[in-house]
Amino acid sequence: NANQRAENFNPRRVLSLADSNLLPCFAVRDKISPLMKGDLKMISTEIKNFGILGYPVGHSLSPQMYKAAFDAAGLINYNYIPLQVQAGKLFMAVEALKGLEFRGANVTIPHKSTVMSYLDAIDADALIIGAVNTIVNDGGILTGYNTDVAGFLAALAEANFLLEDSHAVILGAGGAAGVAALAIWNNVFQFVESIPKSVSSTTQM
């Protein structure tokens, strides 16, 4: 359950070492989230706000996870705020990220695809997957990213799974299957088979 997951959470898993600084990041492994890279210091006196856009968001563990990560990195003035946004108010919420000078936000269901229409730029991986889970605000310019591919590859690396000379079978055709297919494709697996093949969103990759 959610309480058990929170108890087992290790803030070090949300931290990545880069340039001698511990940086909270949405992606892991060698691809640090652009939302965090080059923006954080070990000790900060400047208030920065981050959030998560979704509906509902009351069940999300992201606020606890990021609070633990910020505290571990000494970022006591960094805030992570759950933002419950109904579908009809998503555009206003995205614009508010600019007006309120949020540094960025995560995006969860049901907004991952719809939010793309309201952003200024979209990263290549997010365009292919058709979903955004991270928004970066650079001076009022909002860019959407999808960090799931990096997370998927990090899980393989953590399990000491070697990508070279591997075969893969993808069971399913949902959003996670698309992420797995893109990660596999980008890393030159010799053979990819998706099941079911009848689902166009999976077989197109």
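This is a predicted model: local features need pLDDT of at least 70, side-chain atom pairs count only at pLDDT 80 or more; totals for chains, interfaces and linings use all residues.
Residues are numbered from 1 along each chain as its sequence is written, and side-chain values use heavy atoms, with hydrogens and water left out.

A pair of aromatic rings is described by the distance of the centres and the angle of the planes. Rings of Phe, Tyr and Trp (its six-membered ring) are taken to pair if their centres lie within 6.5 Å, and planes under 30 degrees apart count as stacked, over 60 as edge-to-face and the rest as tilted. On this basis, a search of the whole structure finds 6 aromatic pairs. The ring centres of Phe50 and Phe70 are 5.6 Å apart with the planes at 40°, so this pair is tilted. Because Phe50 belongs to strand 3 (residues 48-54) and Phe70 to helix 2 (residues 62-72), the pair ties together parts that are 20 residues apart in sequence; helices (H or I, at least four residues) and strands (E, at least two) are DSSP runs, numbered from the N terminus. Phe50 also forms a stacked pair with Tyr78, at 5.7 Å centre to centre and 20° between the planes. This second pair links strand 3, which holds Phe50, to strand 4 (residues 78-84), which holds Tyr78, the two residues being 28 residues apart.

Buried is used here for under 20% relative accessible area, exposed for over 50% and partly exposed for values in between (1.4 Å probe, protein chains only). Phe50 is buried, with a relative accessible area of 1%, Phe70 is likewise buried, and Tyr78 counts as buried at 6% relative accessibility. Ring pairs link Phe50, Tyr66, Phe70, Tyr78 and Tyr80 into a cluster.

Turning to the strands, two of them are said to pair if DSSP finds at least two bridges between them. Strand 7 (residues 134-138) has 4 of its 5 residues buried and is therefore largely enclosed by the rest of the structure. Strand 7 pairs in the antiparallel sense with strand 5 (residues 104-107) over 3 bridges, where Ala105 stands opposite Ile135, and with strand 8 (residues 141-145), also in the antiparallel sense, over 5 bridges, where the bridge partner of Val136 is Thr143. The hairpin of strand 7 and strand 8 has 2 residues between the strands, and Gly139 takes a positive phi near 60° there.

In helix 6 (residues 175-186), the buried residues include Val179, Leu182 and Ile184.
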